[in-house]
Amino acid sequence: MASQRYITGLEQLHAVDGEAGIAVVESLRQAFPDFATYVVEFPFGDIYARPGVGLRERELAVVATLCALGNAAPQLRVHLHAALHVGCTPTEIVEIVMQTAVYAGFPAALNGLAEVKQVFGELGIRLPLQEPA
């Protein structure tokens with residue numbers, strides 16, 4: 001039987017990533033079942049479920065952090081999708097990634113923007129973004 005921590009984690013994962021997140025965990029479970037459980041329980045069951053900050057803000061923080069790390073392109077792509085899924089706008093995402101240049105350096109921001117371009121292209125979001133009238 002699944003723990004409440006795991007059940008909460010699955011609910012949060014679905015809220016953040018939808019079916020794509022569940023598919024990632026199930027794929028991971030095929031080879032690394034214990035790690036798949038950890039991925040659901042810790043970040044999603046323990047951290048994402050905490051009150052005080054909404055999913056939009058959490059995803060913007062994750063995008064900025066992964067961009068600043070500079071070595072997590074696959075995870076950044078997942079969380080760019082997630083940020084859009086929880087209601088972040090393309091403009092907010094671009095601005096957050098550009099902001100990383102100030103504190104993490106231009107290479108981190110350039111690499112992050114390359115991932116933004118790829119994800120936005122997959123989703124049909126045209127660049128450059130048009131400013132609201």
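This is a guided tour of a predicted model, moving from one selection to the next. Residues are numbered from 1 along each chain as its sequence is written, and side-chain values use heavy atoms, with hydrogens and water left out. Because the model is predicted, local features need pLDDT of at least 70 and side-chain atom pairs count only at pLDDT 80 or more, while totals for chains, interfaces and linings use all residues.

**Helices 1 and 2**

Begin by selecting helix 1 (residues 4–31) together with helix 2 (residues 33–48); helices here are DSSP runs (H or I, at least four residues), numbered from the N terminus. Two packed helices are described by the angle between their axes and the distance between the axes. Helix 1 and helix 2 pack at about 165 degrees with their axes 9 Å apart, where the axes are lines fitted to C-alpha atoms over the stretch in contact and angles run from 0 to 180 degrees between N-to-C directions. That angle makes helix 1 roughly antiparallel to helix 2 (under 35 degrees counts as roughly parallel, over 145 as roughly antiparallel, 65 to 115 as roughly perpendicular and the rest as oblique). By class, their contact has 15 nonpolar, 5 polar and 5 charged residues (Ala, Val, Leu, Ile, Met, Phe, Trp, Tyr, Cys and Pro count as nonpolar, Asp, Glu, Lys and Arg as charged, and the others, Gly among them, as polar).

**Aromatic rings along helix 2**

Stay on helix 2 and show the side chains of Phe35 and Tyr38, which lie in this helix 3 residues apart, about one turn. Their rings form an edge-to-face pair, 6.4 Å centre to centre with 85 degrees between the planes (rings of Phe, Tyr and Trp, the last by its six-membered ring, pair if their centres lie within 6.5 Å; planes under 30 degrees apart count as stacked, over 60 as edge-to-face and the rest as tilted). Phe35 is partly exposed, with a relative accessible area of 49% (buried means under 20%, exposed over 50% and partly exposed in between, with a 1.4 Å probe and protein chains only).

Next select Phe44 and Tyr48, 4 residues apart in helix 2, whose rings are stacked at 4.6 Å centre to centre with 20 degrees between the planes. Phe44 is buried, and so is Tyr48.

Pro43 also has its place in helix 2 and is partly exposed, with a relative accessible area of 25%. Leaving aside neighbours within four places in sequence, Pro43 is in contact (heavy atoms within 4.5 Å) with Tyr38 and Tyr48.

**Arg56 in helix 3**

Move on to Arg56, found in helix 3 (residues 55–69) and partly exposed at 27% relative accessible area. Beyond its neighbours within four places in sequence, Arg56 is in contact with Val86, Gly87, Cys88 and Glu92. A C-alpha distance drawn from Arg56 to Thr89 comes to 9.7 Å, although the two are 33 residues apart in sequence.

**Helices 4 and 6**

Select helix 4 (residues 73–85) and helix 6 (residues 106–123), whose axes come within 10 Å and cross at roughly 50 degrees. That makes helix 4 oblique to helix 6. To see the contact, show residues including Leu76, Leu80 and Leu84 of helix 4, and Val116, Val119 and Phe120 among those of helix 6. By class, this contact has 8 nonpolar, 3 polar and 3 charged residues.

**The segment after helix 6**

Finish at Pro128, in the segment after helix 6. Most peptide bonds are trans, but a cis peptide bond joins Leu127 and Pro128, with omega about -5 degrees.

Definitions and conventions. Helices (H or I, at least four residues) and strands (E, at least two) are DSSP runs, numbered from the N terminus.
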